[in-house]
Amino acid sequence: MEQFNVTGMSCAACSSRVEKAVGKVDGVTSCSVSLLTNSMGVEGEVSSADVIRAVEEAGYGASVKGRATGDSQMSDVSVQEDALKDRETPVLKKRLFTSLGFLLVLMYFSMGHVMWNWPLPAFFDNNHIAMGLVQLLLTVVVMVINQKFFISGFKSLFHRAPNMDTLVALGSSAAFVYSTYALFSMTDAQVRGDMEAVMSYMHDFYFESAAMILTLITVGKMLEAHSKGKTTDALKSLMKLAPKTAVVVREGVEMEISISQVHKGDIFLVRPGENIPVDGVIVEGHSAINESALTGESIPVDKEKGDEVSAATLNQSGFLKCEATRVGEDTTLSQIIQMVSDAAATKAPIAKIADKVSGVFVPAVISIAIVTTIVWLLAGREFGYALARGISVLVISCPCALGLATPVAIMVGNGKGAKNGIMFKTAVSLEETGKTQIVALDKTGTITSGQPKVTDMIPAGGITEDDLLYYAYALEQKSEHPLARAILDFGKARGVKAAEVEAFSALPGNGLSGQIQESVLFGGNYKFISSKTQVNENIKKKSEKLSEEGKTPLFFARDGKLLGIIAVADVMKEDSPKAVKELQNMGIKVVMLTGDNERTAQAIGGLAGVDEVIAGVLPDGKESVIRSLKKQGNVAMVGDGINDAPALTRADIGIAIGAGTDIAIDAADVVLMKSKLSDVPAAIRLSRAALKNIHENLFWAFFYNVIGIPLAAGLWIPIFHWELNPMFGAAAMSLSSFCVVTNALRLNLFKMYDAGKDKKIKTKNSKKKEEEKVMKKTMKIEGMMCGHCEARVKKCLEALPQVEEAVVSHEDGTAVVTLTEDVASDVLTKAVEEQDYKVLGVE
């Protein structure tokens, strides 16, 4: 997506006009214009010059957003920070105060003297023409100060794309032109000596209305600009985290240079209390790093040689020497900033309602104003009265509130998420995440930590825990198996120092052997170790219990004698059960996907408290599982690995957890910087709050116009005698956008980790799902020996068109088949037996 700055837009009608103009350019596949950030995102095979030309022909200005090239980080962040700088408020503030100064003088003449007899110089006594001329001149000054309304308004009218400025310009101009006509008519009457006509024309002056309309709209614009600036505070605070300089070592000399001069491979130094300048890897030193700037996690993380560090994180304690690995726009911080910025440039589906209305809103209002004036004239009222009703309709109508209703809530919601390490990549993902009905969790790295740890030690009779750990540690030192790392880490923590193992070998059948001090050691699973030594019934039962709990029992023996069992498991994250419970309390079904066998999967699923466990899912099978789950409702897939990418893409919402792999991040719609599962319900909670806020904003924007326009037109005058002065109409218009933006800012106060107010959402699919009858058959199969056998049976069964899913377990000798329609048992049997397995029965 290429981004552009757009100038000259004042309301939703403008952004709609720009979108239509660019959308017609050959090669553009999608275009999204943000009124909030005055930016535009364009996708497709099209040149920047063609896009800019289309915008200019529509009556607006455009330029390509500046971006860093090469490895210049500072310029990248600075350009984006500069683009978000609030330039509107100071200009509008200056314009407002100048306008107010002249308006107060005008109001003194037009209302203070006439209504309350405030004193005036003797020159004005009975000199009505002089009074009128002063009012005219003061009004002209206010109109010149606020000429932007007239330039933009009439320019857009000329391009047949009227906007909010057109309404203001027409309303103010109508009041001014009629008042000027009344002034000349009064002059003529005074020349003729018709004092009654002179006094009558005096009451037809609307100079103060013309000036007041412009000033009040400027008040609203200034409040709106100030509030809009607040919506990007979170993004601006992220940008301010980017360090300006770095201390690098070149040719043995320390030197402080600009961030833009740091290259990949440079060695840089970070002292305690300093921010890390770019992403890198520690080559010397250790320290506690505060990563709250990126993850929202305030507890420092201990880092040592070989660990990665990220730009903008704080080095709290030790001296670090690091090698730069990612610089410029490739750093984690720059990618986060770009992600939030891109999300602001996209449009949520709900915004399409406002866009459709905005496209016809201004022409419709102008038509209503003309009809209103004509109707009141036909009703017998004088021209000045009828014109006042028409002007009121023009100035009370507010397309701005409609245009801002969605983007301000999206921007604030995105900023709130970014502060807490939750990144919504598009406005669509922020809106859709809250509609989730089913959450599919990948087990490894999502529910569990993804790093096996020692959970139990069961020494055999006459053997101590220290002896068991000593020999197990010695044997596993040369193993490359992932489970060996768990024993080595556990041993190091206990201070174990073992001798070097000789004649080490990894044997077929999941076993290890080696020699230490003339003793022969063996390690492996039950099947392997039982061929080397006797395993008593008590130890065997304990190992089976460990397996049922989802743990992997590793047996060790020395010189033909059993030493005991060390159980290793991918332990569950502390917050996983709580997060699962929170999701369920929100009315969301939680499903766990794992490649483990049924028994192990059910054990872990039981501890986590999930609603459904789908075991035996191979990496390439996750996508098909998600496809079948989508038939039950909106699915969010949570994963962290490369093999999760197809499933993340297939799901309605893909969530990459713990920053994940680059491929997982690319495939995901939401990126969680922390590895905490509790961020999943928090993201859904935030999405629901943002969607509720958008509904409130849209309701206010529509409600305001539905009530305001009839009131301004004088529809209620015959019934309730409610009459609206154009000045009050302008005041109401100026406050409407301000109210919408202020309401969106309330999202900053939202407590996204507070589960106390969670509500279950009722959906169309939930009732359908309850009524849906699921057909299942359980097959008893003989001959399956391992995970490969499971995969083979699963593949052959799921190849049948009637089979939605097959959950296979070689340990239980079963295959539970979920069917979309009934299928004969013979068909299932034939499919399995063709793979050389024996089917004992189908239930």
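Q: Why is Tyr 704 called buried?
A: In this predicted model, Tyr 704 has a relative accessible area of 9%. Buried means under 20%, exposed over 50%, and partly exposed in between, with a 1.4 Å probe and protein chains only. So Tyr 704 counts as buried.

Q: Why is Trp 700 called partly exposed?
A: Its relative accessible area is 31%.

Q: What makes the pair of Trp 700 and Tyr 704 tilted?
A: The ring centres lie 5.9 Å apart, with 40 degrees between the planes. Rings of Phe, Tyr and Trp (its six-membered ring) pair if their centres lie within 6.5 Å; planes under 30 degrees apart are stacked, over 60 edge-to-face, the rest tilted. Therefore this pair is tilted.

Q: Why is the pair of Phe 176 and Phe 207 called edge-to-face?
A: The angle between the planes is 65 degrees, at 5.9 Å centre to centre. The angle is over 60, so the pair is edge-to-face. Phe 176 is buried at 16%, and Phe 207 at 0%.

Q: What makes Arg 381 lie over the face of Tyr 385?
A: Arg 381 is at 3.9 Å from the ring centre. The rule asks for NZ of Lys or CZ of Arg within 6 Å of the ring centre and within 35 degrees of the ring normal. Arg 389 also lies over the face of Tyr 385, at 4.7 Å.

Local features here need pLDDT of at least 70, side-chain atom pairs count only at pLDDT 80 or more, and totals for chains, interfaces and linings use all residues. Residues are numbered from 1 along each chain as its sequence is written, and side-chain values use heavy atoms, leaving out hydrogens and water.
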